[in-house]
Amino acid sequence: MVCCQEHLLDKKDNVVTVGLADTTKAAGHKIYDVKADHITIDGPSGQRRTMTSGYVENISHSGKDGAAAYEFKLRCLAILANSSVDGIKHQVDFWMSDRAADCATLLDNLGINSNKIIKCCAHIILGTDHTL
């Protein structure tokens, strides 16, 4: 998380995306709800850095509770960066979610501007592209 916050605050001309998606569908749909984020920082030179802040549990399966859990991650990043949660959110250019309605509710409860939300699975494509 320290590395992540350093790159977020020193983003310069980089584009920062945060993708949120379920991680445990295969393990038990409607039993477990664990989300993961995929933070991609892409620079004009083509150099790309991919990170994660880890997993987020959401026992209630609600977007509102998921937002509270993810806000904790943002608070941790903000503390490490000597910044604010809004300061960290401001550094993110695009927030991407899967088709799940709870992710849309999660982002809405985080106060993310709808102009910054991309509803797709592009973060998986970015991750695959990065590994190739």
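The structure is a predicted model, in which local features need pLDDT of at least 70, side-chain atom pairs count only at pLDDT 80 or more, and totals for chains, interfaces and linings use all residues. Residues are numbered from 1 along each chain as its sequence is written, and side-chain values use heavy atoms, with hydrogens and water left out.

**Helix H3**

- Buried here (under 20% relative accessible area, 1.4 Å probe, protein chains only) are Gly-63, Gly-66, Ala-67, Tyr-70, Lys-73, Leu-74, Leu-77 and Ala-78.
- Those buried residues fall within an arc of 140° seen down the axis of H3, so they line one face of the helix; the arc is taken from the directions from the axis to the C-beta atoms.
- After H3 comes Asn-82, whose phi is positive, near 50°.

**The cavity**

- A search of the whole structure finds one cavity of 30 Å³ or more (a set of points on a 1 Å grid over the protein atoms alone where a 1.4 Å probe fits but cannot get out).
- Lining the largest cavity (an atom within 4 Å of a point) are Leu-8, Val-18, Ile-39, Tyr-70, Leu-74, Leu-77, Ile-88, Val-92 and Trp-95.
- Helix H3 (residues 63–80) gives the largest share of that lining, three residues.

Conventions
1 Å grid on protein atoms, 1.4 Å probe; cavity = no way out; pocket = protein on both sides within 12 Å on 5 of 7 lines; lining within 4 Å. Points joined across faces, edges and corners; volume = space filled by probe spheres on them. Helix = DSSP H or I, 4+ residues; strand = E, 2+ residues; numbered from the N terminus. Buried < 20%, exposed > 50% of the residue type's maximum accessible area, 1.4 Å probe, protein only.
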